[in-house]
Amino acid sequence: SDIIAEDISDNAEYRKNIRMAKSYGYNTIRFHSVIPPEECFRAADEEGILIHIEMRKENDDYDNLEEMLYGKNDFITNDALLEIIHSLYNHPSFMVYCVGNEIREPGKKPRVKEIRDFIKKNDPTRLFIDTCAHGEYDRDGVDFDVQHMGYFFPYAEHGDMFSNTDNLLCFGTVNNREMVKEEENAKIRRGIAFKRPLIAHEVCHYTSWRDFYALKEKFEKYNIPAPWWVDEEIKMIEAKGYKDNFAETLQITKDFQFRCWKTALEGIRSSNLLSGFHMLQFADTDKYENSNGVVDCFDDPHGISTEEFKKFNADTVVLARLPKQVFNTEETVKIPVLLSQYMINPPKKGDFSYKLEGAKVYSQSTLTDVDTYKSGLYTICTLEIKLPKAEKAEKLTLSCKIDFEDGTKCENSWELWVFPKIQNNITATVKMDGDYIESTNTDEGFIITDRLNDELFEDLTNGKTVMLIYRTSWTRHLLDKTQKAPKYAFRAVWDRYKGVIWDRGTINGGKDDKEILNKYGFITDGQLNFQYYDLINDSDKINLDDFPVPVKSIVSCLDKSSRDRFDATKFRLPELMYDRTMRHFSYVFEMKVGGGKLLVCGFNLTNKENPAVKAMLNTLINYCKSSDFDPKAELSVNSLKSYLEKVAQSGPNKEGMMTQYWQLDAEPVESMSYWKESEEYLKEDLQ
């Protein structure tokens, strides 16, 4: 992080950063590709936090793109190593020597072994690791390991991503063993057993927007020149129309970021495989515009509560291993409750209690005299709860707490959504190529279709109400690059329910019209919480930036405010581009077209049995057939056709290289073949 403090005398800036980190539950600082100065170590000694360094030659700049793709091969000399050892030996905060970040095949590099042997000879008191991530799992000579644990989102189908080793297979083996064996109709993946502690590499760098206005004032207050991007982001906010409701918009992005952090860190804490994690990063930087820090670049809190954060990032954390968070009415759910505890002398016993509540308390109880004397991860009990009968959709909160015998406590909570039984007896004229919606009764005045064709425009001309479910292979052009353009297309992005990390992805949270949705059957507090997961994952999110008229969006998504660094470095494009950031995305929007009314839905409605999917479909149908469905935006049939033809002719939407990986959701870590194919795909438009 870049640390700026009001009092920058001596080591005050480092002391402030360390105190803030400890207040949020952190116990170690990893310095990425750098050795901090003496002032930092003195502050760490005095404040009580451990330091992990990565050693580079003096004035050796870190080239993120080059080293991420090819690894570091230009290593530090023995003379420089000896100087580092002598300067740091007497600092009790100094814990780890690391050669560098993401070195490819360190177990096969003779110089890496020489460095290890030199350090162990001259300072056997510290831990040694050759690299953070990319190391072969079976290499020798490291005291612990740090590995990529997948760039998936740790939820639903990827909920076990911190508990399996499939992702580590791509980094190979020093003994050239076959990691994956493929036969006809079969595949064998080698299991990996670690004989040393394993740390997750650079997790949780989920971003949000920054309060660019407040940040500008803070730079002015300290008489420090603001980075170039502060004013440029403010210009974009105002050009895109976000200024009037900026405080609300900012909070939505912060809430979504927090939700992602909670999900990921709880997944890590409940893993039997991991012994810790490196978070990238604790504090924002002033070098670029995205915000993935818990505190800002002045090391001040910016909207993240220490109390709430430490519920999942303290020495002792209580966890509920929920199989899912969306349920049918009266469904019975089994929930293992775990204690993730890393203390030298933990309390021996405690009383466990839970509460399930929504409009009222539905269930609660206490289990006394629970054993808590062990350190590590273990199950303290299992809840088996029959969820309440739901006459309408309801959001519930499950709270768990342990009151220890020494008077301390730890507590945590989770959101659950319960939906009533929905028959979906659809009365409509259904014109579907997909097989996930069927009508039981015909209504010639109300059309449900997934066909964006001339017949749809004819229905609108004839005054019909049309619900268009926009789901097309054109949005998923990455999967079949040979397909021809359709006649009509919206400017859609293939979407996943995955927060932006650093600069890949397009979801920084979102908002909905909760009055409409709650009235007609879908439960929401106005934001895109986890009841939206199956609706958003593998959906068609529509970019309305250049749409011919301003339309009402029922469910909107906030785009990232940061650039894709590969746009800037690989293709020499501007750092900020208005057509790639802060786009106005919508999953559901409405308008009048010709004599008819049109509701466009890009949600993934293919999972017919999912209670949230059924509820959303039922909600949108009921809304379309109600008197409340009275769109104000108007567009002629010819104007809409002309716009959609131009979009289709402009080619498929191609997100940046890193976001394409996010969309494919296929590999735990980017392969070299992925980088090559993605670059070639984007270069097609530059020729």
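**A loop, then the rest**

Modeller: Let's start with Asn176, which is exposed, at a relative accessible area of 62% (exposed is over 50%, buried under 20%, partly exposed in between, using a 1.4 Å probe and protein chains only). Bear in mind that this is a predicted model, where local features need pLDDT of at least 70 and side-chain atom pairs count only at pLDDT 80 or more, while totals for chains, interfaces and linings use all residues. Numbering runs from 1 along each chain as its sequence is written, and side-chain values use heavy atoms, with hydrogens and water left out.

Asn176 sits in the loop between S5 and S6; strands (E, at least two residues) and helices (H or I, at least four) are DSSP runs numbered from the N terminus. Its phi is positive, about 55 degrees, though it isn't a glycine. Ala156 belongs to the loop between S5 (145-147) and S6 (180-183) too. Ala156 is another non-glycine with a positive phi, near 55 degrees, but it's partly exposed, at 45%.

For another backbone feature, go to the cis peptide bond from Leu280 to Gln281, with omega near 5 degrees. Gln281 is in the loop between strand S9 (276-279) and helix H9 (306-309).
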